[in-house]
Every structure is written in C-alpha cells, then in structure tokens.
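Here is a short report for a reader new to this structure. It starts with a sheet and moves on to the ligand.

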Amino acid sequence: MRIVLGVSGGIAAYKVVHLLRLLREEGHQVDVIPTESALRFVGSATWEAISGRPVTTGVFSHVDEVRHVRLGQQADLVVVAPATADLLARARAGRADDLLTSTLLATEAPVVMVPAMHTEMWRHPATADNVSVLRSRGVDVMEPADGRLTGSDSGPGRLPEPMDIRDRLSGHFDPGADDVECEEPQPLSGRRVVITAGGTREALDPVRYLGNRSSGRQGLALAEAAVAAGARVHLILGTVDVEPPAETDGLRIEHIESAAELKTAVEAAVVDADLLVMAAAVADFRPASIGEAKIKKTADGTDPVITLTRNPDILAEVVAARDRTGTGPTVIVGFAAETGDADHDPLDLAREKLDRKGCELLVLNRVGTDLVFGRDETEIHILASPRVRESLGTETPQTVTGSKSEAARAVVDAAARLL
Ligand code: CTP
C-alpha cells in the first residue's frame with residue numbers, strides 16, 4: 001500500500017518513528033510529510049533514512065511534480081500522527097497552507113488521525129467540535145490514550161502506542177489481504193480506474209428528455225470486477241435501472257445525467273487514472289435547444305419538430321488528448337453495441353470502430369431488441385488494437401458468453417494484462 005504519514009508538531013513525533021519502521025517492515029511505501037514544527041522534534045534526516053523517500057514540508061518544493069496534490073491523490077491511506085490540536089483545527093477548516101494540509105484536501109483515500117496533546121486541549125470544546133466535524137466527514141479520529149503526558153501531568157491526550165496505531169490502520173487495509181484464498185497478487189492492485197456506466201438523458205424541456213435503453217448492468221458489473229481486482233474505482237453513473245452499489249473505500253460514485261456532464265466528469269477523472277472503461281451508452285445527439293418551458297400542443301394540431309445536434313465523442317476525445325499530451329490513462333476501453341445488417345457483420349463494424357476511436361480495447365455487444373439490454377446473459381467479443389495485440393497474450397477477438405459479471409471479469413483481466 002501507498003501510505004502518507006503526516007506528522008504534526010508534538011513531542012510524540014519521536015514515537016511515530018517506530019510506527020514508520022513497523023509500516024516499512026510490512027512492505028508499505030510510506031511518504032512522510034512533517035509540518036514545519038514537527039521538524040523541531042524529529043528532523044528530515046530521520047524520516048528520510050527510515051522511509052527511504054524524500055521528505056518535504058512546504059507546497060513550494062518539487063513544484064514540477066505537483067507534489068502538494070499528487071501525494072494525496074496516489075495514497076491508499078493517509079495517517080496523521082501525532083495530530084495536534086492545531087492540525088485538527090486546520091484540517092477541519094480545510095486549510096491548505098502546508099504540504100500536509102494540502103495533501104489532506106487532495107486525497108480521496110481513508111484518513112486516520114491520531115491525536116496527542118495535553119488533556120485540557122483535548123477536552124476543550126473547540127477541539128471536541130473539530131474532532132466531531134472531522135468524524136462526520138468520515139475521518140477516523142482515534143481516541144488518545146490515557147497516561148503520562150509530557151510533563152508530570154497525566155490523563156487522556158497521550159499518543160497511543162505505535163502497535164495500537166498500526167492495528168487501527170490495518171482496519172483500512174485491503175479487507176481481503178488476510179484471506180488465504182486471496183494470496184495471489186491482485187491484477188489491478190494500486191491502479192486507478194474510471195468506469196462510465198448507464199445511459200445519458202438529453203433534456204428536451206424541463207420535464208422531458210431523450211434517453212436510451214441501457215440498464216447500466218454491464219457497467220456496474222465492470223465496477224464490481226475492478227474493485228475485486230484491487231483497483232480504486234471512480235464510477236461515473238448515468239441512468240440505470242438497477243440499484244447501484246454502496247460507496248466504499250475502493251469505490252467512488254459520481255452521478256451525471258447528460259453527455260455534456262459525462263464529458264466534464266470523465267475529463268476531470270482521467271487525469272490520474274491508469275484505465276478508463278467507457279461502458280456508458282452515450283447519446284450521440286441532443287436536442288439543439290432546450291425549451292425553457294414545457295413544449296405544449298399547438299392549437300392548430302401541427303406536430304413539433306425536434307432538431308438534434310451531435311454530442312462530442314467523449315471516448316475519441318479522451319484518446320486523442322492522451323496521445324497528444326502523453327498524459328492520461330494507459331489503457332482505454334470502448335464499447336460498441338452493434339446489430340449489424342445484411343451487408344455488415346457486427347465484428348467488422350466493431351473493428352472499424354476500434355480503429356476510429358483509437359482505444360486499446362473495444363468490447364463488442366451484439367444487440368437486438370431483446371438481446372443484451374436489461375438481461376443478465378450476454379455475449380461479448382474483446383477486440384484489441386494492433387498496437388497492443390501482442391502484449392495481450394490471448395487470441396483476439398476473445399469471445400465470452402455468460403453472465404455480465406463473467407464478461408466484466410474478462411474485460412478487467414484483459415485491461416490488467418495490458419497495464
Ligand atoms: N461514446 C462516447 N461518446 C459518444 C458516443 C459514444 O464516448 N458521444 C463511447 C461509448 O461509451 C462507447 C463507444 O463510444 O464506449 C461506442 O459508442 P457507440 O455509440 O456504439 O458508437 P458510435 O461512436 O456512436 O458509432 P455509431 O453511431 O457508428 O454506432
């Protein structure tokens with residue numbers, strides 16, 4: 001796991017050196033971010049020697065790497081120990097005045113705070129209020145231990161023992177890690193995956209829209225398969241006719257309605273993603289104008305005319321931007337729902353689409369009015385672009401017949417092999 005260990009300025013910082021050693025011995029990569037005042041208690045040299053990683057405290061070091069955002073974005077877990085009263089207050093306020101608080105704002109990983117301070121400071125209503133707000137936001141704030149403090153006084157406020165902190169952190173580690181059946185390394189472990197699923201709705205007026213028959217089942221199965229493969233998944237969800245799963249540490253869900261909203265969400269999400277899977281059924285067209293008021297029947301009985309305009313091709317645009325800038329997901333997977341016709345075989349249409357979209361993999365669904373949409377059984381063909389065909393290690397197109405979960409696992413496996 002990639003762990004960020006934030007250290008704020010309290011004497012208990014010396015005990016956290018031991019915590020760092022424990023985490024390193026377990027094989028975790030740990031980036032230590034001390035605050036300026038923490039360095040008065042334990043210096044950079046100690047943190048660097050034990051973590052084996054560079055240590056910075058301000059937002060103006062390593063600016064080229066956008067370190068103030070990157071460390072938080074890449075972390076699987078952020079722990080702050082000791083968390084002083086001042087650090088709790090700054091975190092609660094959403095300040096970003098040093099590398100540690102910026103990282104806390106930029107991360108979507110679970111955050112554990114381990115307070116240490118004098119009993120009076122811990123019991124002060126301001127601190128109690130800060131702790132309760134942080135907890136309400138999902139931060140796991142540990143209770144300090146009761147015992148001897150810095151001076152001769154004692155009471156609650158002491159930093160818990162490093163082993164106890166380590167045990168608390170393990171509650172946020174991958175839950176399958178201790179399961180003997182999960183000993184094989186997970187194929188998407190540490191990977192960031194963006195999946196779009198469901199249909200889009202294109203507004204016609206305040207009460208009507210153009211939509212499609214996508215149930216979202218295939219996309220949700222993909223999200224489930226990617227989470228099971230160890231990925232951190234950002235699921236961008238349009239309209240679905242099944243209950244979406246609950247969010248977890250490994251699964252974040254963002255809801256969108258129109259193709260335009262989907263485009264904005266995808267572009268923001270892919271910045272630090274390794275894999276993008278575009279399973280959403282995106283409307284190719286939208287009404288050229290959206291009525292401000294409900295469109296009414298006319299007195300003379302004339303039929304309304306709806307003019308449509310093209311939506312951007314999100315998949316093709318993301319591929320093009322990645323290829324132009326060299327940043328973005330390493331692997332991009334598109335979907336194609338094809339019926340084929342008398343002159344065109346669906347596989348040929350899919351090959352053509354793979355070529356046109358420029359993605360690495362394209363998943364073909366053969367569709368008809370009662371095939372695929374809303375059903376659990378499916379047949380897919382996974383096609384690979386010539387560029388990556390060899391590294392896939394299996395023949396393409398790979399055909400998978402079975403449930404949408406089985407199909408999803410095959411797609412996730414293929415993408416993982418390319419990564
Ligand atoms: N897609 C997209 N943006 C669009 C339309 C589609 O990103 N505006 C994505 C879909 O999520 C899917 C892939 O492109 O991964 C294929 O979509 P499809 O609608 O089947 O293909 P089209 O480009 O619309 O081609 P055609 O109209 O010829 O079927």
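Two strands pair if DSSP finds at least two bridges between them. Strands (E, at least two residues) and helices (H or I, at least four) are DSSP runs, numbered from the N terminus. This is a predicted model: local features need pLDDT of at least 70, side-chain atom pairs count only at pLDDT 80 or more, and totals for chains, interfaces and linings use all residues. Residues are numbered from 1 along each chain as its sequence is written, and side-chain values use heavy atoms, with hydrogens and water left out.

**The sheet**

Strand β1 (residues 2-7) pairs with β2 in the parallel sense, over 6 bridges. Leu 5 stands opposite Val 32 in β2. Both strands belong to an open sheet of 5 strands, in the order β2-β1-β3-β4-β5, with parallel pairing. β2 (29-34) and β5 (140-141) each have a single partner strand, so one side of each is left without a neighbour in the sheet.

Strand β3 (residues 77-83) holds Pro 82. A cis peptide bond joins Ala 81 and Pro 82, with omega about -10 degrees. Most peptide bonds are trans.

**The ligand**

Which residues come nearest to the ligand? Of the 16 around it, they are Met 278, Ala 280, Asp 284, Phe 335 and Lys 357. Being near means having a heavy atom within 4 Å.

By class, this shell has 10 nonpolar, 1 polar and 5 charged residues. Ala, Val, Leu, Ile, Met, Phe, Trp, Tyr, Cys and Pro count as nonpolar, Asp, Glu, Lys and Arg as charged, and the others, Gly among them, as polar.

α11 (314-325), β16 (331-338) and α12 (346-357) each supply at least two shell residues. β16 gives the most, with 4 residues.

The table lists polar contacts, meaning pairs of N or O atoms within 3.5 Å.

| Residue and atom | Ligand atom | Distance |
|---|---|---|
| Ala 280, backbone N or O | oxygen | 2.8 Å |
| Ile 314, backbone N or O | nitrogen | 3.1 Å |
| Lys 353, side-chain N or O | oxygen | 2.8 Å |

The protein covers 78% of the 570 Å² of accessible area (Shrake-Rupley method, 1.4 Å probe) that the ligand has on its own.

Definitions and conventions:
Polar contact = N/O pair within 3.5 Å; in protein donor to acceptor, adjacent residues only side chain to side chain.
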